Amino acid sequence: MKALVLDSGKLYIRDKDVSTTVGDDDVEIKIHTVGICGSDIHYYQHGRIGPFIVKEPMILGHEASGTVTCIGKNVTHLAVGDRVCMEPGIPNLLSMQSKSGFYNLDPEVRFWATPPIDGCLRECVIHPAAFTFKLPDNLSFAEGAMVEPLAIGMQSVTKAQIKPGDIALVIGAGTIGVLTALAALAGGCAEVVICDVVDDKLSIAGQYPGIHPINSKKTNLLEFIQDFTNGVGVDILFECSGSAAVITDLTTYMASASTAVLVGMPLQPAPIDIVAAQAKEITFKTIFRYVNMYPRTIRLLASGKLDIRPLISAVYRFSEAIEAFDRAASGNPQDVKIMIEME
């Protein structure tokens, strides 16, 4: 079938052989919309992320929505014609991690567009029904494709154990940073400060009530946080930049007995001042993707309490997919999420 294939560092729209057999517990889905993720761009530009190396031609894409076209005989919660979004990681349900309720940590997870697993930028996919979720009528296909990155923000704020009225600081105003800030507000934070060094990104975040954008190159962030919190510091800090230098200084912005959630992934090991953290009894938590977040993320979007539509910067046709990837790879600071619609 037609697919967007990464081969030897170049993108091609071409036919690629993939399985079309629908198992008893599977569904076949005609792909409608796919979001371009930073990991897709990283594979495109560098051919690898850590130990995951693109060695063979690979289909990109893992943020997707579509329409069910066939169901396996054991599937009862979905029907042909249902509009759905799909969780892209398929664990071994018999693994220790899955049985413990943390299937996202299963080392055998087969995740779309993570070598050697093909992604979803193709005409249709076969996917386990257990990881396929019906979209409410009031959510578009584009919003369905946004469930995947939003689920990361939802995982982050769930780990943070926010209390109503907390003040949070989000470092990094990329896609995940903005979605984490929105999830933090939905999770009970009274105010969220988000910082970055790019005004265009901050202006996008600042359109949402309750989010306070700060350019840390132009404003002393520590002085701002001290003034904003009456000298106490923030209750929750979400590190979404992946900057090792930023991680080193996290504790200076934080209140005593507060919580830091590490979301971004540094390219190099990041030192942390352990004594400074101990003096405030700061709790550090980490996240890796998400677990059991799709149903609650869909419910939140359907409730209307969180509007992610302003974050969709552009939608390209599948025939323009290479152009869409080149735009996403250009790092336009005014772009948040570029999407591709299948034709």
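Author: Start with the term "patch": a nonpolar patch is made of residues with over 30% relative accessible area and no salt bridge, whose nonpolar side chains are joined within 5 Å. The model here is predicted. On its surface, Phe-102, Leu-105, Met-265 and Phe-288 form such a patch, with about 410 Å² of accessible area together.

Reader: Why is Met-265 called exposed?

Author: Exposed means over 50% relative accessible area. Met-265 has 58%, so the label applies. As for its place, Met-265 is in the loop between β17 (254-262) and α8 (274-280).

Reader: How do you know that Ser-65 is buried or exposed?

Author: The cut-off for buried is under 20% relative accessible area. Ser-65 has 0%, and therefore counts as buried. Ser-65 belongs to strand β7 (residues 63-71). Leaving out residues up to four places away in sequence, Ser-65 touches Ile-31, His-32, Thr-33, Val-84, Cys-85, Met-86, Leu-135, Phe-141, Gly-144 and Ala-145.

Reader: What does the side chain of Ser-65 reach at 2.7 Å, and what makes that a polar contact?

Author: The side chain of Ser-65 reaches the backbone oxygen of Phe-141 at that distance, 2.7 Å. A polar contact needs a pair of N or O atoms within 3.5 Å, one able to donate a hydrogen and the other to accept it. The value of 2.7 Å for Ser-65 and Phe-141 is therefore within the cut-off of 3.5 Å.

Reader: Why is Asn-215 called buried, with a relative accessible area of 8%?

Author: The label needs a value under 20%. Asn-215 has 8%, so Asn-215 is buried. Asn-215 is found in strand β15 (residues 211-215), and its side chain reaches the backbone nitrogen of Lys-217 at 2.9 Å. Not counting residues up to four places away in sequence, Asn-215 touches Asp-196, Val-197, Val-198, Asp-199 and Leu-202.

Reader: What makes a set of residues a nonpolar core?

Author: Such a core is a set of buried nonpolar residues joined through side-chain atoms within 4.5 Å. The largest one here has 52 residues, and those with the most contacts inside it are Ile-162, Ile-194, Phe-238, Ile-308 and Leu-311. Its largest share, 10 residues, comes from α3. Apart from this core lies another, of 39 residues, among them Val-18, Leu-78, Tyr-316 and Ile-340.

Definitions and conventions:
Residues are numbered from 1 along each chain as its sequence is written. This is a predicted model: local features need pLDDT of at least 70, side-chain atom pairs count only at pLDDT 80 or more; totals for chains, interfaces and linings use all residues. Side-chain values use heavy atoms; hydrogens and water are left out. Patches are made of residues with over 30% relative accessible area and no salt bridge: like charges are joined within 9 Å, nonpolar side chains (Val, Leu, Ile, Met, Phe, Trp, Tyr) within 5 Å. Accessible areas come from the Shrake-Rupley method with a 1.4 Å probe; for residues, only the protein chains shown count as cover. A salt bridge is a side-chain nitrogen of Lys or Arg within 4 Å of a carboxyl oxygen of Asp or Glu. Helices (H or I, at least four residues) and strands (E, at least two) are DSSP runs, numbered from the N terminus. Buried means under 20% relative accessible area, exposed over 50%, partly exposed in between (1.4 Å probe, protein chains only). Contact means heavy atoms within 4.5 Å.
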